[in-house]
Amino acid sequence: MCSRCTRSLAVGTRCIDMDMVVHERVRADVDLIEWIPAGRPLLFVGWALFKKYDLLARFKVPSQVLVNFLTTVEKGYRDNPYHNSTHAADVVQTVHFFMSRSGQFGGQTTQIEVMAALVASAIHDYDHPVC
């Protein structure tokens, strides 16, 4: 989290507004995800969505645990032209897009199911071989 504001993540001396990451449009997000500095798209998108859905507070997940988890998953994506961490972040954001457009699938989705969908989308191509 950025020490100067509450809705941003710090990257070096810059803050990235989490609302920019989780806006509910599909196409623009891929461009934004590729722009995120420091090669950490999955960390930023995952963090922003866990905060948006209030999953850290709801399930009492310490912030550092989420950061460690997303960092580990991100490192597990190979330097692959398609199945890389940018693709994973895009899939996570796309799952969010469909959940937000459908009212979390018609209002029938629990917070644990939202968290499961975000985690599953984050890890879906973990350690995928180059192809």
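**Reading the salt bridges**

Modeller: Let us begin with one residue of this predicted model: Arg 40 counts as partly exposed, at 26% relative accessibility.

Colleague: With which residue does Arg 40 form a salt bridge?

Modeller: Side chains of opposite charge can pair when their charged atoms come close. Here the partner of Arg 40 is Glu 74, and the closest N and O atoms are 3.6 Å apart.

Colleague: Is Glu 74 buried or exposed?

Modeller: Glu 74 has a relative accessible area of 7%. Buried means under 20%, so Glu 74 is buried.

Colleague: How many salt bridges does the structure hold?

Modeller: There are 2 salt bridges. Besides the pair already described, the side chains of Asp 127 and Arg 78 meet at 2.9 Å, N to O. This pair links distant parts of the chain, 49 residues apart: Asp 127 is in the segment after helix 8, and Arg 78 is in the loop between helix 5 and helix 6. Asp 127 is partly exposed, with a relative accessible area of 38%, and Arg 78 is likewise partly exposed, at 37%.

Colleague: How should I read the packing of helix 3 and helix 5, and at what angle do their axes cross?

Modeller: One considers the distance, the angle and the residues that meet. The axes of helix 3 (residues 41-52) and helix 5 (residues 63-76) come within 9 Å and cross at roughly 145°, and the crossing is right-handed. Among the residues that meet are Leu 42, Trp 47 and Phe 50 from helix 3, with Leu 66, Leu 70 and Glu 74 from helix 5. The residues of this contact divide into 9 nonpolar, 3 polar and 1 charged.

Colleague: Which residues touch the most other members of the largest nonpolar core?

Modeller: In soluble globular proteins, nonpolar side chains tend to be buried together. In this model the largest nonpolar core has 21 residues, and Leu 42, Phe 50, Tyr 53, Leu 55, Val 92 and Leu 118 touch the most other members. Helix 3, helix 4 (55-58), helix 5, helix 6 (85-101) and helix 8 (111-123) each supply at least two residues of this core. Its largest share, 6 residues, comes from helix 3.

Colleague: What is Phe 50 in contact with, leaving aside its neighbours within four places in sequence?

Modeller: Phe 50 is then in contact with Leu 55, Leu 56, Leu 66, Met 115, Leu 118 and Val 119.

Notes:
Residues numbered from 1 in each chain as written. Predicted model: local features only at pLDDT ≥ 70, side-chain atom pairs only at ≥ 80, totals over all residues. Heavy atoms only, no water. Axes fitted to C-alpha atoms, helices over the stretch in contact; angles between N-to-C directions. Helix = DSSP H or I, 4+ residues; strand = E, 2+ residues; numbered from the N terminus. Left-handed = near helix turned anticlockwise from the far one by under 90°. Contact = heavy atoms within 4.5 Å. Nonpolar A, V, L, I, M, F, W, Y, C, P; charged D, E, K, R; others polar. Core = buried A, V, L, I, M, F, W, Y, C linked by side-chain atoms within 4.5 Å. Buried < 20%, exposed > 50% of the residue type's maximum accessible area, 1.4 Å probe, protein only. Salt bridge = Lys/Arg side-chain N within 4 Å of Asp/Glu carboxyl O.
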